Amino acid sequence: MSDDDGMTIKRVVLVGTCVVVAVLGWVFAVSQWETASRIATVASALAGVAAVGIGIWAALPGARPTGIVVRDTGAAKTAGTGNAVTGYHGSGSTDAAVTVERTGDAEATGDGDAISGYSER
């Protein structure tokens with residue numbers, strides 16, 4: 001399941017809960033309001049349905065931050081003028097957040113570059 005799927009499911013649950021609460025509110029509103037206990041029943045039912053929906057919504061996985069994420073990379077080696085990159089090596093012009101965690105070893109021999117982690121061009 002991708003992060004977008006988790007957020008879509010949460011939105012569906014939240015909208016579904018709102019629809020159920022609205023429908024129950026309408027049903028109770030068109031019903032007879034002759035006693036005070038009826039009002040208490042309406043309030044309790046609406047609060048209960050809303051609490052269950054919000055509880056399910058809160059239990060679902062949330063969206064994670066967007067951007068560039070590099071994790072758990074292996075080792076990289078280069079010889080000569082090449083680049084050994086086990087993290088992120090990009091331009092500084094990106095507006096996206098960059099997260100780099102647990103990168104592998106980078107080894108360069110000769111005139112090469114070794115990058116393990118984050119580097120801007």
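Asp72 sits in the loop that links β1 (68-71) to β2 (76-79). Strands here are DSSP runs of E with at least two residues, helices are runs of H or I with at least four residues, and both are numbered from the N terminus. This is a predicted model, in which local features need pLDDT of at least 70, side-chain atom pairs count only at pLDDT 80 or more, and totals for chains, interfaces and linings use all residues. Residues are numbered from 1 along each chain as its sequence is written, and side-chain values use heavy atoms, leaving out hydrogens and water.

The backbone at Asp72 has a phi near 50°, a positive value in a residue other than glycine. Most residues other than glycine have a negative phi. Asp72 is also exposed, with a relative accessible area of 51%. Exposed means over 50% relative accessible area, buried means under 20%, and partly exposed lies in between (1.4 Å probe, protein chains only).

Arg102 belongs to another loop, between β5 (98-101) and β6 (106-109). Arg102 is not a glycine, yet its phi is positive, at about 50°. Its relative accessible area is 52%, which makes Arg102 exposed.

Now the whole chain. The protein chain has two helices and eight strands, in the order α-α-β-β-β-β-β-β-β-β along the sequence. Of its 121 residues, 17% count as buried. Among contacts (heavy atoms within 4.5 Å) with a separation of 6 or more, 66% join residues 24 or more positions apart. The protein chain exposes about 8,100 Å², with 57% supplied by carbon and sulfur atoms; accessible areas come from the Shrake-Rupley method with a 1.4 Å probe, and for residues only the protein chains shown count as cover.
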